[in-house]
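Please keep the sequence and the structure open side by side while you read this note. The points are meant to be followed one at a time, with each named residue located before moving on.

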Amino acid sequence: MAKCLDLDPRFCRTYETYQAILTAVRERDVSTLQATLNAYHPQGNRMDQAIKSLKKYQSQVLNALRMEYSNGFLEGINSQIKKIKNMAYGYRNWLNFINRIFLERGWFKPVKKATVNQKRVPRPIKV
């Protein structure tokens, strides 16, 4: 790797910036990431756009590193629901759609239709 880095100083700076960002995110080090983003100067490559986006949303990115919370779990559920919806081309019955979501997620407890004016008939007593 050292040979490749010695060939082009611009590539070397880009690689070092990339590694600094990766390390800061892995270690959740806000100050290192902030310093790396602020010290970056455009190199005329594809990384410029990524750094520009990180700088634009810097406060949100830094908050994501500071907090332990993530909405990844919810995004996964939403993605799975969208996939079910697209595969089914629409359900006529809302409860069937809900049951399918629960079945796919492993939470299956069938939702039954609410019955109106259903009389409860007492069970016979066994003697």
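The points below concern a predicted model, and they take up a nonpolar core, a loop residue and a pair of rings.

1. The largest nonpolar core consists of 10 residues, namely Ile21, Ala24, Val30, Leu33, Leu37, Tyr40, Met47, Ile51, Leu62 and Leu65. Two or more of these residues come from each of helix H2 (9–26), helix H3 (30–39), helix H4 (47–56) and helix H5 (58–66), and H3 contributes the most, with 3 residues.

2. Tyr40 belongs to this core, and, if residues up to four places away in sequence are not counted, Tyr40 touches Thr17, Asn45, Met47, Asp48, Ile51 and Lys55. Of these, Met47 and Ile51 are also members of the core.

3. Gln43 sits in the loop between H3 and H4, and Gln43 counts as buried because its relative accessible area is 12%, which falls under the 20% limit. A polar atom of the Gln43 side chain lies 2.9 Å from the backbone oxygen of His41. Leaving aside residues up to four places away in sequence, Gln43 touches Arg10, Arg13, Thr14 and Asp48.

4. In the whole structure, a search finds 2 aromatic pairs. In the pair of Trp94 and Phe97, the ring centres are 5.5 Å apart and the planes stand at 50°, so this pair is tilted. Both residues lie in helix H7 (residues 94–105), 3 residues apart, which is about one turn of the helix. Trp94 is exposed, at 59% relative accessibility, whereas Phe97 is buried, with a relative accessible area of 10%.

Note on methods. Residues numbered from 1 in each chain as written. Predicted model: local features only at pLDDT ≥ 70, side-chain atom pairs only at ≥ 80, totals over all residues. Heavy atoms only, no water. Core = buried A, V, L, I, M, F, W, Y, C linked by side-chain atoms within 4.5 Å. Buried < 20%, exposed > 50% of the residue type's maximum accessible area, 1.4 Å probe, protein only. Helix = DSSP H or I, 4+ residues; strand = E, 2+ residues; numbered from the N terminus. Contact = heavy atoms within 4.5 Å. Polar contact = N/O pair within 3.5 Å; in protein donor to acceptor, adjacent residues only side chain to side chain. Phe/Tyr/Trp six-rings, centres within 6.5 Å; stacked < 30°, edge-to-face > 60°.
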